[in-house]
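Here is a short briefing to read alongside the structure. Have the viewer open and follow the groups below in order.

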Amino acid sequence: MFLRQATLAGAMLAFAGSGALACEISARVSIVGNEFPAIQTVGANAAACTGAEVATNLTADHQSINVPGMQGNPAEYTSAIIANSSIVALMNEDVIRPLDDLVAKHGQGLQQNQLITIDGKVMAVAFMANAQHLMYRKDILADLGIEPPKTYEEMLDAAETIRSKGVMQNPIGGAYAAGWNLAQEFNNMLLGYGGSHFEPGSAEPNVNSEAGVKALTMMKALSEYMTPDFLTHDSNATNAEYRAGNVALLNMWGSRAATQITADGVTEEVKQGHAIAGPMTVGGGSIPATTLWWDGWTVAKNISDAEAEATFIAMMNGIRPELMQDESVRTQAVWLIEGYEPTEDSLGVFDAAKAGAIPYPMLPYMGLMHTALGNELGDFMQGKESAEQALADVEAAYRAAAKEKGFL
Amino acid sequence: MRHKTFFWFILPTATAMLLFIALPIVSVLIQSVFAPHEAVLREVENCTPLVGCTTETTIDHDATRALREAQPMGRFVGFEIFIDRGHLAFSEVAEAWSASDGLGGFADQLANLPFYRAMAFTLTFTFVVTPLVIALGLVIALAVNALHVRLKGLAIFFSLLPFIITPLIGALVLFWMIDSRGVLGSAIQWLAGDPDLSLKASTGLMWVALITYGVWHSAPFAFVIFYAGLQTLPMDQIEAAQIDGATRWQRVRYVVIPHLMPLVTFVALIQIMDNFRVFEPIVGFNASAHAQSLSWFIYNDLGGETRQLSSASASSVLTIIGVAILLSPVLVRTWRDFKKKT
């Protein structure tokens, strides 16, 4: 363990060394972002720039501090690392600047699909993609002669077989914790059934639909094969169950695929049996029941042009193509950076993209819908009310919030 | 004390209270009656990786900026947010009242509205935890006070531990212990003989767990206060009672407790305030599907990807009003006692 950390630290230092040669900045840079390994790498390499101070604040609470931290003038943070869900809050508050001129000046080596273009202007530079997809125990499935499921219906059948043969009591894992996680699983399922969150072209909610009811019914059926504590298990807790060998099938984030069996305490069986596959479809649909995500960085609006330029240069250093030569960095994510060769762990995310998975909606009012779903679906999952009632509650809660924010 | 001396004596405190208590309350009040402007939306083309370009809705910044500059406070909505579904839900309550036949049906529909569901839990939590904390704190204080001098230091330290542990950490430790695979969760399954029994899957059991946590965490607070009070016990009264043949229980009941009564009032005040704002265990236990509170609403409004400042402000004002209502009996009594003395 110590040896591995030492090597990692060594590798980081080597990067820092090589980065320092190329990256020279002349104004302050301050980065706020999430804290998973790929973002740590980007942050560390941006911080390797010399000539001015580069501060990083990488925390799971990034999305509650990035907007306030960029609203001031001058802004505290010169760059926020965000995903397609969280860029919406920055766009809504108008705190990030278009990057077209900086891309033209310093953006050599960026690939076209890294440029997140909104209304013809580059607003963010993406560096990795993400999607939830299937992870499973190939040893257990092979023993029982089950094929890895391609649909959620097959997942239910597989779970029933595993349970009835007495291999596991609760073979399905799911990040169904009430709140953000539960809402996200509903989003997946709703899109998989061909539903949509809103009436086309408006902020009117549309989840209390046939697809919505079917999505909830499927989630309820899946939850019968989960630990009874499922409403309190987020993706960290669900992963812990998988790593401990308590779960054989789960829909999990691609960004966690590479580290799934490297954590301390993963049993030997899980290490040998771990496998991944593309996302599943549901209800005979052709579009997988998952959403596509990207992570990228932005540059604040309320800062001087010199600071914006320094920030752009430092962030470019954080995602420079040479990083893709390093095996430990390469496996951290499905990178969108030039020179990235997909690893085995990236298969699930690429499959999701190939199968036509829908990107998580980048709508100004989607955050309110997500919150309403997270709060109101718990009652249905506990069997306290009907699917129709739960979805009606979601729409009512969303309406109250959307009225307050001026969307309805 | 002369008025001038009193003025200079109280000035620093008064300034701090004005700056850090009165002004924020005014600011929260103002924010709760204003909401963001109507959003000006338009369709634009977005291009993202692995997908290509699609038409999406976004906010028109120029138009929004113009609106904001014209009216920087946002639009005035009065008490609209206070009575919307996320808060007092007047129209939903009225609808539930006319739609339901009996009180039972009405209560069911009421429990479906976030504010009333949260109130049901918060008030239960407050009125179960507060007396238990006072009783348990008193028992620990009496027990520690009766210990040999050499043991006291150690006993005090261990009794204080739950209070020293950061609330979130304490809640997280318990979260894993009561998981159906955790130490306590498995023990309960074994005791009940039901392998599917889960503390976290049942609303009732989750409430019990949260209340247990609340008592566990706050009892040391009451203990410290009461223990300090016990050091000032009038020994002559105790001795007089002993000579009169009072039993140990009678001494506690008729000498110790009356002596500690002002402290009981103090602990009750602080505990009612703290328990009404119950928050950390709900987050730590991931219990929001079973139990919510006004503080949790504020956290949820501000923690989402789209922050709802007006809604959070309205919840804050409702919290202040709630605490004021709960404290009023105790405050009125204290005021009467004060008037009697002067």
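In this predicted model, strand 1 (residues 29–33) of chain A runs parallel to strand 3 of chain A, and two bridges pair them. Within that pairing, V32(A) has A80(A) of strand 3 as its bridge partner. Strand 3 of chain A also pairs with strand 9 of chain A, this time in the antiparallel sense and over three bridges.

- The bridge partner of I81(A) in strand 9 of chain A is W297(A).
- Strand 3 spans residues 79–83 of chain A and is mostly covered, with five of its five residues buried.
- In a regular strand, side chains alternate between the two faces of the sheet.
- In strand 3 of chain A, S79(A), I81(A) and A83(A) point one way, while A80(A) and I82(A) point the other way, and all are buried.

**How chain A is divided**

- Chain A has two parts: domain 1 covers 2–130 + 292–351, and domain 2 covers 131–290 + 359–404.
- Taken over C-alpha atoms, the centres of domain 1 and domain 2 of chain A are separated by 29 Å.
- Where these domains touch, domain 1 of chain A gives 21 residues and domain 2 of chain A gives 20 residues.
- On the domain 1 side of that contact, the elements of chain A giving two or more residues are helix 2 (37–46), helix 4 (87–92), strand 9 (291–297) and helix 14 (347–354).
- Sorted by class, that side of domain 1 of chain A holds twelve nonpolar, seven polar and two charged residues.

**A look at P149(A)**

- You will find P149(A) in the loop that links helix 6 (138–143) to helix 7 (152–164) of chain A.
- Is P149(A) buried or exposed? P149(A) counts as buried because 20 C-beta neighbours lie inside 10 Å.
- Setting aside neighbours within four places in sequence, the contacts of P149(A) are L134(A), E154(A), M155(A), A158(A), L249(A) and M280(A).
- K384(A) lies 235 residues from P149(A) along the chain, and their C-alpha atoms are 30 Å apart.

**Where chain A meets chain B**

- The contact between the chains draws 54 residues from chain A and 46 residues from chain B.
- On the chain A side, at least two residues each come from helix 3 (62–71), helix 4, strand 4 (115–118), strand 5 (121–137), strand 9, helix 15 (366–376) and helix 17 (387–404).
- Which element of chain A supplies the largest share of this side? Helix 17 of chain A does, with seven residues.
- By class, the side of chain A that touches chain B has 26 nonpolar, 20 polar and eight charged residues.
- Strand pairing also crosses between the chains: strand 4 of chain A and strand 2 (residues 41–48) of chain B run antiparallel, joined by two bridges.
- Opposite I118(A) stands N46(B), in strand 2 of chain B.

**Confidence in the prediction**

- For the complex, the predictor gives an ipTM of 0.86 and a pTM of 0.88.
- Chain A has a mean pLDDT of 90, and 95% of its residues reach 70 or more.
- Over residues 1–20 of chain A, the pLDDT is below 50, and this stretch has 13 contacts in the model beyond near neighbours in sequence.
- Chain B has a mean pLDDT of 90, and 100% of its residues reach 70 or more.

Note on methods: Residues are numbered from 1 along each chain as its sequence is written. Chains are lettered from A and ligands numbered from 1 in the order in which they are written. This is a predicted model: local features need pLDDT of at least 70, side-chain atom pairs count only at pLDDT 80 or more; totals for chains, interfaces and linings use all residues. Domain bounds come from an automatic or database domain assignment. Two residues are in contact if their C-beta atoms, placed from the backbone, lie within 7 Å. Helices (H or I, at least four residues) and strands (E, at least two) are DSSP runs, numbered from the N terminus. Ala, Val, Leu, Ile, Met, Phe, Trp, Tyr, Cys and Pro count as nonpolar, Asp, Glu, Lys and Arg as charged, and the others, Gly among them, as polar. pLDDT is the predictor's confidence in each residue, from 0 to 100. Two strands pair if DSSP finds at least two bridges between them. A residue is buried if 20 or more other C-beta atoms lie within 10 Å of its own, exposed if 12 or fewer, and partly exposed in between; C-beta atoms are placed from the backbone.
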